[in-house]
Amino acid sequence: MIAKRDIYDLEEEKATDYWMSFSDMMASLLLVFILFLTMTMYQVSVQEELLSDKEDEVNKIIGVRKMIVEELKEEFKDSELQIDIDPETGAITFSEGVFFDYNEYKLKDTGKKYLKQFIPQYIKVLLDDKNKDYISEIIIEGHTDKTGSYMYNLELSQKRAFEVAKYVLSDEFSEISREEKEKLRSILTANGRSYSYAIVDGDGEIVAEKSRRVEFKFRLKDEEMIYKMEEILGDENVN
């Protein structure tokens, strides 16, 4: 027979083994938790560092756009050209009547005269040594009013934008150098927007005369990334 003392010692040993096993398990779980916390903190640190780098990049590119806009405003401040410069984006707008007759897409002589004045000054800013590496695209956009169908106006606006681009890149247009023309060929696009971006007044009514226009825009490299980062940074600031 097993003595009572032996039974007590056996039960005590089992209890001790149990608590040692439990302690070992808790220590292991604590170690795993510490490792997980350390990895999480490291990942957060890396993400914050990457976000900081991206924020610096975004601020740099935003600064470049502001600088180019200011240079465009300065370049055309004494110009006799009938243009509007968007103070935020740098988009330059010509009214329809400058380049085309109503409902036509053949470039008028007055339009050619305007382009001969405008283009050399425009690319003087955009293709300047300090700016050209940031420019990914120069966009000529045609816009219409809402008279007629969407597809008719899409074709008309596309033809108008194309006519402007074709003239600027043609041999007839001698106001810029061959090298400048070659650079333009690599970044210039022509788009028709129909009446998708018609100009409206305070009552939401379309202003037909202002809607019929041609716009020159520029896009910076990595601009889509910038817009996304601005959203992210905006959310971070809210939180």
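Student: Why is serine 194 called buried?
Tutor: Serine 194 has a relative accessible area of 0%. Buried means under 20%, exposed over 50% and partly exposed in between, with a 1.4 Å probe and protein chains only. The value for serine 194 is under the 20% limit, so the residue is buried. The model is predicted: local features need pLDDT of at least 70 and side-chain atom pairs count only at pLDDT 80 or more, while totals for chains, interfaces and linings use all residues. Residues are numbered from 1 along each chain as its sequence is written, and side-chain values use heavy atoms, with hydrogens and water left out.

Student: What makes the phi of serine 194 worth noting?
Tutor: The angle is positive, about 55°, although serine 194 is not a glycine. The residue lies in the loop between β4 (188–192) and α6 (208–211); helices (H or I, at least four residues) and strands (E, at least two) are DSSP runs, numbered from the N terminus.

Student: Which value places asparagine 103 among the residues with a positive phi, and is asparagine 103 buried or exposed, or in between?
Tutor: Its phi is near 65°, positive in a residue other than glycine. Asparagine 103 is found in the loop between α2 (96–99) and α3. Its relative accessible area of 36% lies between the two limits, so asparagine 103 is partly exposed.

Student: How do you know that glutamate 75 and lysine 124 form a salt bridge?
Tutor: A salt bridge is a side-chain nitrogen of Lys or Arg within 4 Å of a carboxyl oxygen of Asp or Glu. For glutamate 75 and lysine 124 the closest N and O atoms are 3.7 Å apart, so the pair qualifies. This pair links distant parts of the chain, glutamate 75 in helix α1 and lysine 124 in helix α3, 49 residues apart. Lysine 124 is exposed at 53%, whereas glutamate 75, at 22%, is partly exposed.

Student: What makes glutamate 163 and lysine 166 a pair of this kind?
Tutor: Their N to O distance is 3.3 Å, which is within 4 Å. Both residues lie in helix α4 (residues 150–168), three residues apart, about one turn of the helix. Glutamate 163 counts as buried because its relative accessibility is 11%, under 20%. Lysine 166, at 43%, counts as partly exposed.

Student: How do you know that glutamate 182 forms a salt bridge with arginine 185?
Tutor: The closest N and O atoms are 2.7 Å apart, so the distance is within 4 Å. The two residues lie three residues apart in helix α5 (residues 178–187), about one turn of the helix. Both are partly exposed, glutamate 182 at 46% and arginine 185 at 39%. The whole structure has 19 salt bridges, and Glu141, Arg193, Arg213, Glu215 and Lys217 are linked in a network of them.

Student: What makes the lining of the largest cavity nonpolar?
Tutor: Ala, Val, Leu, Ile, Met, Phe, Trp, Tyr, Cys and Pro count as nonpolar, Asp, Glu, Lys and Arg as charged, and the others, Gly among them, as polar. The lining divides into nine nonpolar, no polar and no charged residues. Helix α3 (109–126) and strand β3 (135–143) each supply at least two of the lining residues, and α3 gives the largest share, three.

Student: Why is the group of Leu30, Phe33, Ile34, Leu37 and Met41 called a patch?
Tutor: Patches are made of residues with over 30% relative accessible area and no salt bridge, like charges being joined within 9 Å and nonpolar side chains (Val, Leu, Ile, Met, Phe, Trp, Tyr) within 5 Å. These five form a nonpolar patch on the surface, with about 500 Å² of accessible area together, computed by the Shrake-Rupley method with a 1.4 Å probe, only the protein chains shown counting as cover for residues. Phenylalanine 33 lies in helix α1 (residues 4–75).
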